[in-house]
Amino acid sequence: MGSLFEVVPADTQDEVPRRRVTVTVNGTPMSAVIETRLLLVHLLRQAFKLTGTHMGCDTTHCGACTVLFDGKPVKSCTMLAVQADGHEITTVEGLAGPSELHPIQEGFKEEHGLQCGFCTPGMMLSAKALLDRNPDPDEDEIRWALSGNLCRCTGYQNIVKSVQWAARKMNPQQGQEVSE
Amino acid sequence: MTALDEIKIGGLGASRRRVEDNRFIRGKGNYVDDITLPGMLHMEILRSPVAHARIVSIDTSKAWAMPGVRLVITGETLAARNLAWMPTLSYDTQAVLATDKVRFQGQEIAAVIADDPYTAKDACEAIVVEYEPLPVMVNPYQAMEDGAERIRDDKENQPDNVIYDWEVGDRDGTERAFAEADLVSKIQLHYPRSHPSPIETCGSIADFNRATQKLTVYMTTQAPHIIRAAVAMVAELPEQMIRIIAPDIGGGFGNKVPVYPGYVVSILASILLEKPVKWIEDRTGNLISTGFARDIYLEGEMALRKDGKILGVRMNCIADHGAFFSDAQPSKFKIGLLHSAFACYDIPAAHLTARGVYTNKAPGGVAYRCSFRVTEAMFFQERMVETAAIDLGMDPAEIRRVNFVRDDDFPHRTAFGFLTDSGQYTKCLDLGLEAIGYDTFRQEQEEARKRGRLLGIGISTMTEPLGAGNSREFDILGIKMFDSAELRIHMTGKALLRTGARSQGQGHETTWAQIVAHELGLPAEDVTVEEGDTDTAPFGMGTYASRSTPVAGAAISMAARKIRAKARKIAAHLLEVSEEDVEWELGRFYVRSRPEQGVTIQEAAMAAYSNMPDGMEPGLEAIAYYDPPNLTWPFAAYIAKVEVDPETGVWDVLRMVAVDDCGVRINPMIVEGQIMGGLTEAYAMASMQYITFDAEGNCIGSNFTDYLLPTAWETPGFELHEVVTPCPHHPIGAKGIGECAAVGGPAAFVNAVIDAVKHLGVKNIDMPVLPDRVYEAIKTGKDVSGAPPVRTDG
Ligand code: FES
Ligand code: FES
């Protein structure tokens, strides 16, 4: 869609309620005119082309669609895009800059915390929310914090290790040194 | 000149970090739903809300009238093109969109193609279908009753609902074994219906280009070449004009092997509209219509001598296939490899009968993390052995030791005729027992009981057949189960490798390069791996049934060895000696008498393009099709320790020890990842994961509220151990591993719970071993069955 025009099918009717939303996504304000029923996950994936946020169930169970909403993990399949108007969203694409990696991303790679990778973005964002409020979680705290994210491949044990790896890297004083 | 360090170059045995992770951790994976093509339309499928009904009428007028709707397709649209039915992978037929009647809840009835997915969904809701209800049969016993309504009245020669009767083994020999027995032990089990449920559902984008006549389909498939062949046959399109691309796949576990109506309809829609058409299944669609697994009733008996020696086994099973027989399994074996049961035990005689039955449930019967019913086989085997131990009053570890095939008894012909070739079964078991502290456990269990606590240890040991073919015995729809690899060495010594397999999380991009590193001494990072595009990859049968390392992995070795053979000739030419005087060490040829004079593989590669010997064909490329001489036979001992709460029936896994012998491990980190993933699915099946139906045929388990998958919170921790017995026929000694833990694991958990309550008289609780079932068993001291009629009312 260019800014001057929007090509629409000839039979388009105009009564569908639309609204302009502006969301700060990964630090950059982004705007779209949307049908009010549009889900946040579709705003991110389809309008803003941020396809790192996945969809695995559409019923708030799998957590593949997890993003950070003002720093808190939410399931973007169960939130309307209009609810995000004026708020800040972090997706996997915003975890780190293009050339560097966030310690959580490094941890997942180092500890083999992913296989098919489909759950991984949501898993990492839930992990980030945890480490942001609790920099040195124990295993139970990690498992509990990630219990809204399903993974069918890994069996979670390496995901727990990945988060521990990241915690050590982010806070070298706590726990043991990161072994690389 | 010091030899290359194989681990340093990422060769065999290196826990190399995964190449594919670089895109996944950045959210840059490329799954089907991530792909957008110019002008792409969106398809949604209307599904039947009822399980068995005649279709009186379908009114699509309201849907057609909705703005943004481009096309509405019904069974009639398809029938006009002879596409209303399609062949299944088991020589049956399956309705693409229903024309005459619906046969299960969730069956595909119509499809809407619209400008956006929301409109397509709205339009589906505007389609009005009138049904005339028919009697519903939700288990094979109902379907086998006299006078039961025929589910497949579309088929001639189908007088009832029985699909097949099949038998294998030695009936008379088994008879004799039972006549000689001191004791006969019996068991009756239901292995409930389960669903693989990868987190990514199924989907496709079909893109037919009228100008070039080329059909490109992006598809969530584990076997793109089989799909290409199927599309060529069903749609009668020339095979070279079909390009199937399986991009990144968000988990498969067997769910993405079959051909689903959604794929077919999206293809037809694209051909009719000449636009790309995307179909992404929602989770409910995935759960209620795509390949389920198991749903089998097993009963059997074991003839035993007093000392624990097994003399013979009888197995009898009834498999509920749903409305269409669409199992993905080798043609020869109607009930898959169920007869691989008892392969790790030296048993003189065995016999198995199997019957397949149609019911008003979703079709599929796929191998969910399993080589064609091996999961059911090993579960039956290990529950049977456990029951025999209880009946004999024998230690469950001891009865296994007494009956194991001995290390020096290979090759061994199993009672059902398979040939196993290697293993150290007792060593694996003992390692696991020591790890879990079995020595002192019985005393601990006794003391705990006195204090009102119920502890149990469950053992499951098994060898299973992984890596189909060989082509003599294994084919799917007549296509032999080999696999392939194509390796190109560029002049700078970098390489491109393509195979006929398709990773769905197994990490092929990483491990395949390690095989090349091992064979040629090229650093793994110099080898790029590509899979999943039928226009570029050599023909292969895909990735499922733990066959990629055994078959495609072997093909990679063979292709690399062809390269090495040619490079040796080039090296001899460069070194000006005869080929016989050239020796090989990792990454380098040298003159036998003058080891300091050598040519690296990279130098040979450059010469293949710039300085080849006279008369030699230029270039350094090879392709290999590998037809394995036999299956591979990994072995595993899984041992779970649980505590059962006598007040609630809730059980906790205190420890889970896994000893796996999958031969040589290419990438130990990835192998362990596979084992832990499998153990989790084993725990899931044992504890919570099942799909059932109410009497009307409503699927109980159509979303993740009803169909429970374990989260990080419930999933226990795992302790892994390894034993290595190389596969004698695989080029690098590797065996399959992907499914082992999911196959062998469930019995360990169930046996552990039974071990905790067997003193109360309980010998069986059917899976899932839910707290209410355990509670009932504790209170009544009786077995708890999950089979109908107990659970048919939901
Ligand atoms: S897609 Fe949002 S929780 Fe599954
Ligand atoms: S890595 Fe596949 S679902 Fe988690």
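Helices and strands here are DSSP runs, helices of at least four residues and strands of at least two, numbered from the N terminus. I keep that in mind throughout, and I also note that this is a predicted model.

**Entry 1**

I started with the loop between α11 (396-403) and β18 (412-413) of chain B, where Pro411(B) is found. A cis peptide bond joins Phe410(B) to this proline, with omega at about -5°.

Another cis bond turned up between Met767(B) and Pro768(B), and there omega is about -10°. Pro768(B) is also a loop residue, placed between α18 (740-757) and α19 (771-780) of chain B.

Then I checked phi values. Ser197(B) is not a glycine, yet its phi is positive, about 45°. I found Ser197(B) in the loop that runs between β10 and β11 (203-209) of chain B.

**Entry 1: chain A on its own**

I counted five helices and five strands in chain A. Going along the sequence, I read the order as β-β-α-β-β-β-α-α-α-α. For the dimensions, I took the box along the principal axes: the C-alpha atoms of chain A fill roughly 65 × 30 × 25 Å.

**Entry 2: where B meets A**

The size of an interface is often given as the accessible area lost when the parts come together. For this pair I noted a buried area of about 4500 Å², with carbon and sulfur atoms giving 55% of it. On the chain B side, the residues that lose the most area to chain A are Ile25(B), Tyr118(B) and Ile199(B), and together they make up 18% of what that side buries.

Next, the polar side of things. I have 26 residue pairs in polar contact across the interface, both residues at pLDDT 80 or more. The rule also finds five salt bridges between the two chains. One I looked up by name is Arg152(A) with Glu681(B), whose closest N and O atoms are 4.0 Å apart.

**Entry 3: enclosed space**

I went looking for cavities of 30 Å³ or more and the count came to nine. The largest cavity holds about 580 Å³ of space. I listed 42 residues lining it, and those closest to its centre are Gln506(B), Ser546(B), Gln674(B), Ile737(B) and Gly738(B).

The elements of chain B that give this lining two or more residues are α14 (508-520), α15 (548-575) and α17. So far as class goes, the lining has 19 nonpolar, 18 polar and five charged residues.

**Entry 4: the second largest pocket**

I put its volume down as about 350 Å³. The second largest pocket has 20 lining residues, and nearest its centre I noted Gln188(B), Leu189(B), Leu298(B), Glu299(B) and Ser785(B).

Strands β10 (183-194), β15 (293-304) and β16 (310-322) of chain B each give two or more residues to the lining. Strand β10(B) has the largest share, five residues. My tally by class for this lining is nine nonpolar, six polar and five charged.

Technical notes: Residues are numbered from 1 along each chain as its sequence is written. Chains are lettered from A and ligands numbered from 1 in the order in which they are written. This is a predicted model: local features need pLDDT of at least 70, side-chain atom pairs count only at pLDDT 80 or more; totals for chains, interfaces and linings use all residues. Side-chain values use heavy atoms; hydrogens and water are left out. Buried area is the accessible area (1.4 Å probe) that two parts lose on being put together, summed over both. A salt bridge is a side-chain nitrogen of Lys or Arg within 4 Å of a carboxyl oxygen of Asp or Glu. A polar contact is a pair of N or O atoms within 3.5 Å; within protein, one must be able to donate a hydrogen and the other to accept it, and residues adjacent in sequence count only if both atoms are side-chain atoms. On a 1 Å grid over the protein atoms alone, a cavity is a set of points where a 1.4 Å probe fits but cannot get out, and a pocket is an open set with protein on both sides within 12 Å along at least five of seven lines; lining residues have an atom within 4 Å of a point. Grid points are joined across faces, edges and corners, and a volume is the space filled by probe spheres set on the points. Ala, Val, Leu, Ile, Met, Phe, Trp, Tyr, Cys and Pro count as nonpolar, Asp, Glu, Lys and Arg as charged, and the others, Gly among them, as polar.
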